[in-house]
Amino acid sequence: MIDDLEYNTEREHLIIPEYGRHLQKMINHAKTRETKEERNKLANAIISVMGNLQPHLRDVPDFKHKLWDQLFIMADFDFDVDSPYGEPSKEEIEARPEPLKYPQNFPKYRFYGNNIKTMIDVAVSWEDGELKEALTYTIANHMKKCFLNWNKDTVEDSVIFNHLFELSGGKLDLKESDENLTDSTSLMRTKSKYGAKNNSNKKNSNSNKKKYSNNRKRY
């Protein structure tokens, strides 16, 4: 009895394992039929079984077309039947798509992020005026926040102005400006304030849990 055991490692390789071994045997059997009429009849029956095994594909466009392509794939493209969509070629199915060209950004100051460069480019494209000046200072303040998140200490406004000048290609110049950016301690205090608020909420919730647990009756 043990000698009759058959392991999957010794069986035929399944091209599409999702359909199972019995469907693969049905296809192999259909390929051996002598008349094309019989092969067509069996192929359509197999397509119906495949559709029942993969009901999620019914919402996919060209549902039947995909099933016929999978049928030819499992038949190793050696199945002489009349497909309503034509027989696909092995080269077409196995062709690899061209690799996508991902944008490669290597900013000098990575702690500012890529969005800062986009904001700077927008500011450069604007005409000189109050709106452009306001946007430039907004960008500079945001750069200062990013710098503090990375450095977690302090930074002089002159450093931010120099970086802004460099990243804008010299088109946004605040070096001679008399207006100061938001104070570093204020930015850090705002960050810690929100953190403390979250901690206080956790403490309140914990105290409420204890309060309700103490009032709970015991039976």
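Reader: Where is Asp76 found?
Author: This is a predicted model, where local features need pLDDT of at least 70, side-chain atom pairs count only at pLDDT 80 or more, and totals for chains, interfaces and linings use all residues. Residues are numbered from 1 along each chain as its sequence is written, and side-chain values use heavy atoms, without hydrogens and water. Helices are DSSP runs (H or I, at least four residues), numbered from the N terminus. Asp76 sits in the loop between α3 (63–74) and α4 (90–94).

Reader: Is Phe77 buried or exposed?
Author: Phe77 is found in the loop between α3 and α4. Buried means under 20% relative accessible area, exposed over 50%, partly exposed in between (1.4 Å probe, protein chains only). The relative accessible area of Phe77 is 16%, so Phe77 is buried.

Reader: What is the phi of Asp76?
Author: Most residues other than glycine have a negative phi. Asp76 is not a glycine, yet its phi is positive, at about 60°.

Reader: Which kind of aromatic pair do Phe147 and Trp150 form?
Author: Rings of Phe, Tyr and Trp (its six-membered ring) pair if their centres lie within 6.5 Å; planes under 30 degrees apart count as stacked, over 60 as edge-to-face and the rest as tilted. Both residues lie in helix α6 (residues 130–151), three residues apart, about one turn of the helix. Phe147 and Trp150 are 5.3 Å centre to centre, with 80° between the planes: edge-to-face.

Reader: Which residues do ring pairs link into a cluster?
Author: The count comes to seven aromatic pairs. Tyr109 and Phe111 form a tilted one, at 6.0 Å and 55°. Ring pairs link a cluster of Tyr109, Phe111, Tyr112, Phe147 and Trp150.

Notes: Helices (H or I, at least four residues) and strands (E, at least two) are DSSP runs, numbered from the N terminus.
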